[in-house]
Amino acid sequence: MIIVVCLVFVTPYLGLLASYVASGQWIVFGSEIRDQFKTALGISLQISIATAVLAVAIAFSAACGTRGVANRIRKASGHRALLRARLWRAFLSFSEMVFVLPSGLSVLVLALSFWLTYERWVDPFEGSWIAIVILQAATCFPIAYRMIWPILKSEPRTLIETAQSLGAK
């Protein structure tokens, strides 16, 4: 999954490189331009790898937490426990909505709000590497969460059926 996220960020460079190589213009460029292109590609790869690792790590921890809540709901029994289970279900749906919320926001809105909030530590005109990674991870987080959550949500049916056949409730 990390490789897929990295490819999303690097694809424009690869497309540009392919068009220049196919047209023969790559040879015309001087070594300075080629070095600049390689530097830009290297920085983009570093940012995309850091973004993917951060987004997947946060999404995995959020999905594990959501699964813990889902397991509490399943184990509920009794009148008070059912009421508690309803509250946990409401919390579960609310948390899933919050986890998907950044996908509905523009990266520009996230960037401006980030810089307004943390303007003492991050200069918006400096091009902070950490700020770029955090903002891109915030936009990639919902995608990573939607990829990880179904995997953690599913339970091995054979184990559950085996436990039920042995007397588990």
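# Helices, burial and a nonpolar patch

Mentor: Let's start with the surface: the protein chain has an accessible surface of about 11,700 Å², and 68% of this belongs to carbon and sulfur atoms. Such areas come from the Shrake-Rupley method with a 1.4 Å probe, and for residues only the protein chains shown count as cover. This is a predicted model, where local features need pLDDT of at least 70, side-chain atom pairs count only at pLDDT 80 or more, and totals for chains, interfaces and linings use all residues. Residues are numbered from 1 along each chain as its sequence is written, and side-chain values use heavy atoms, with hydrogens and water left out.

Trainee: What makes up the secondary structure of the protein chain?

Mentor: Seven helices and zero strands. Both are DSSP runs numbered from the N terminus: helices are H or I with at least four residues, strands are E with at least two.

Trainee: Why is cysteine 140 called buried?

Mentor: Buried means under 20% relative accessible area, exposed over 50%, and partly exposed in between (1.4 Å probe, protein chains only). Cysteine 140 has 13% relative accessibility, so it counts as buried.

Trainee: And what about cysteine 64, what is its relative accessible area?

Mentor: That one comes to 33%, so cysteine 64 is partly exposed.

Trainee: Which residues of helix 5 are buried?

Mentor: In helix 5 (residues 107–117), Leu110, Ala111 and Phe114 are buried. Looking down the axis of helix 5, the buried residues fall within an arc of 100°, so they line one face. The arc is taken over the directions from the helix axis to the C-beta atoms. As a rule, an α-helix has 3.6 residues a turn, so residues three or four places apart point the same way.

Trainee: What do the buried residues of helix 5 pack against?

Mentor: Helix 6 (129–153). Contact here means heavy atoms within 4.5 Å. On the other side of helix 5, Leu108 and Leu116 are exposed.

Trainee: Why is tryptophan 115 called partly exposed?

Mentor: Tryptophan 115, in helix 5, has 22% relative accessibility, so it counts as partly exposed.

Trainee: Which residues form the nonpolar patch?

Mentor: Ile43, Trp129, Ile130 and Ile134, with about 380 Å² of accessible area together. Patch residues have over 30% relative accessible area and no salt bridge; like charges are joined within 9 Å, nonpolar side chains (Val, Leu, Ile, Met, Phe, Trp, Tyr) within 5 Å. A salt bridge puts a side-chain nitrogen of Lys or Arg within 4 Å of a carboxyl oxygen of Asp or Glu. Helix 6 gives the most to this patch, with three residues.
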